[in-house]
Amino acid sequence: MAVLPLAKSIRNIHRIASDTGNPMLSAELQDAIRNRVAFLFVRGDDGFVLKPVSERGATGVLVWVGWGDGGAPERHLPEVKRLARMIGARWLRFHSARRGWLRVAPRMGWVRQPDDADGLFVFQINL
């Protein structure tokens, strides 16, 4: 029996919540998606949640969570950029606990920013 993409998405979100040390992440994501504050995109086994934000008068998009195989971030980055530009976003940003991003993110155009208050790595692409 095949596992539904939504079930896989939920498992991946639970793994991400564990990585970040935020057991409430799944509930926060569900509330934000239900209230249309963030948006869920699923492509096969890959997925991401985008959250538009405004900082100092500039619109940006937080890639709140993302999952998929090793090529998923590169494969979906053009689409994420397109979606962000559609709402007038000037930047994309993500936070991660995974040290592997220190090596991989710059190759995709992400620029490391100061770590956040929780000690997570922060990366940004200006659009």
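The largest nonpolar core of this predicted model has 19 residues, and Leu50, Leu92, Phe94, Trp110 and Phe123 touch the most other members. A nonpolar core here is a set of buried Ala, Val, Leu, Ile, Met, Phe, Trp, Tyr and Cys residues joined through side-chain atoms within 4.5 Å. Buried means under 20% relative accessible area, exposed means over 50%, and partly exposed lies in between (1.4 Å probe, protein chains only). At least two residues of this core come from each of β2 (46-55), β3 (58-67), α3 (72-86), β4 and β6. Helix α3 gives the most, with 4 residues. There is also a second, separate core of 10 residues, and Ile16, Leu25, Ala32 and Val65 are among them.

A word on how to read the model: it is predicted, local features need pLDDT of at least 70, side-chain atom pairs count only at pLDDT 80 or more, and totals for chains, interfaces and linings use all residues. Residues are numbered from 1 along each chain as its sequence is written, and side-chain values use heavy atoms, with hydrogens and water left out.

Let's visit a residue from each core. Which residues does leucine 50 touch, not counting those up to four places away in sequence? They are Ala38, Phe39, Phe41, Val61, Leu62, Val63, Val80 and Leu83; contact means heavy atoms within 4.5 Å. Beyond its neighbours within four places in sequence, leucine 25 is in contact with Ile16, Ala17, Thr20, Trp64 and Val65.

Now for the rings. A pair of aromatic rings is described by the distance of the centres and the angle of the planes. The structure holds 4 aromatic pairs. Rings of Phe, Tyr and Trp (its six-membered ring) pair if their centres lie within 6.5 Å; planes under 30 degrees apart count as stacked, over 60 as edge-to-face and the rest as tilted. Two of the pairs are set out here.

| Aromatic pair | Centre to centre | Angle between planes | Type |
|---|---|---|---|
| Phenylalanine 41 and phenylalanine 48 | 5.3 Å | 20° | stacked |
| Phenylalanine 94 and phenylalanine 123 | 5.1 Å | 25° | stacked |

Phenylalanine 41 is buried at a relative accessible area of 19%, and phenylalanine 48 is buried at 5%. Phenylalanine 94 and phenylalanine 123 are buried too. Phenylalanine 94 lies in strand β4 (residues 91-96) and phenylalanine 123 in strand β6 (residues 121-126), so their pair ties together parts that are 29 residues apart in sequence. One aromatic cluster is formed by Phe94, Trp101, Trp110 and Phe123.

Charges meet rings as well. The charged end of lysine 51 sits over the ring of tryptophan 64, at 4.7 Å from its centre. Arginine 93 lies over the face of tryptophan 91, 3.8 Å from the ring centre. A charge sits over a ring if NZ of Lys or CZ of Arg is within 6 Å of the ring centre and within 35 degrees of the ring normal.

Is glutamine 124 buried or exposed? With 12% relative accessibility, glutamine 124 counts as buried, and it is found in strand β6. The side chain of glutamine 124 makes a polar contact with that of asparagine 126 (2.9 Å). A polar contact is a pair of N or O atoms within 3.5 Å; within protein, one must be able to donate a hydrogen and the other to accept it, and residues adjacent in sequence count only if both atoms are side-chain atoms. Arginine 112, in strand β5 (residues 111-113), is partly exposed, with a relative accessible area of 41%. Its side chain makes a polar contact with the side chain of aspartate 115 (2.7 Å).

Finally, the whole chain. Its secondary structure comes to 4 helices and 6 strands, running α-α-β-β-β-α-β-α-β-β from the N terminus on. Helices (H or I, at least four residues) and strands (E, at least two) are DSSP runs, numbered from the N terminus. Of the 127 residues, 35% count as buried.
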